[in-house]
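The tour starts at the surface, goes inside, and ends with the whole chain.

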Amino acid sequence: MTYTLRIAGDLTETVELVAQNRDRVFLRRRGEIVVTQPAVWQRLVDSGRVVEVGNG
């Protein structure tokens, strides 16, 4: 799943959700894998800063 992450104002970045389990969320950002906690990812989604743009 591909998402657009709004960083500040009109500045955005594309991230891809690679995998998710109970303990970690794996995102591809600028070609590198980034790991975060599910609660952090959920807060970003809930804040409206993350917008789903496609399934790919």
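Select Val18, Ile33 and Val35: together they make a nonpolar surface patch of about 240 Å². Patches take residues with over 30% relative accessible area and no salt bridge; like charges are joined within 9 Å, nonpolar side chains (Val, Leu, Ile, Met, Phe, Trp, Tyr) within 5 Å. A salt bridge is a side-chain nitrogen of Lys or Arg within 4 Å of a carboxyl oxygen of Asp or Glu. Areas are Shrake-Rupley values with a 1.4 Å probe, and for residues only the protein chains shown count as cover.

This is a predicted model: local features need pLDDT of at least 70 and side-chain atom pairs pLDDT 80 or more, while totals for chains, interfaces and linings use all residues. Residues are numbered from 1 along each chain as its sequence is written, and side-chain values use heavy atoms, without hydrogens and water.

Stay on Ile33. It sits in strand S4, residues 32-36. Strands (E, at least two residues) and helices (H or I, at least four) are DSSP runs, numbered from the N terminus. Ile33 counts as partly exposed because its relative accessibility is 47%; buried means under 20%, exposed over 50%, and partly exposed lies in between.

Now go inside. Select Tyr3, Leu5, Val15, Leu17, Val25, Leu27, Trp41 and Val50, the largest nonpolar core, with 8 residues. Strands S1 (2-8), S2 (11-20) and S3 (25-29) each supply at least two of this core's residues. Such a core is a set of buried Ala, Val, Leu, Ile, Met, Phe, Trp, Tyr and Cys residues joined through side-chain atoms within 4.5 Å.

Pick Val25 next. Contact means heavy atoms within 4.5 Å.Move to Glu52, in strand S5 (residues 50-54). Is Glu52 buried or exposed? Glu52 counts as exposed, because its relative accessibility is 51%. With residues up to four places away left out, Glu52 touches Met1, Thr2 and Tyr3.

Zoom out. The protein chain has 1 helix and 5 strands, in the order β-β-β-β-α-β from the N terminus. Its C-alpha trace spans about 30 × 20 × 20 Å along the principal axes. Of its 56 residues, 20% count as buried.

Definitions and conventions
Buried < 20%, exposed > 50% of the residue type's maximum accessible area, 1.4 Å probe, protein only.
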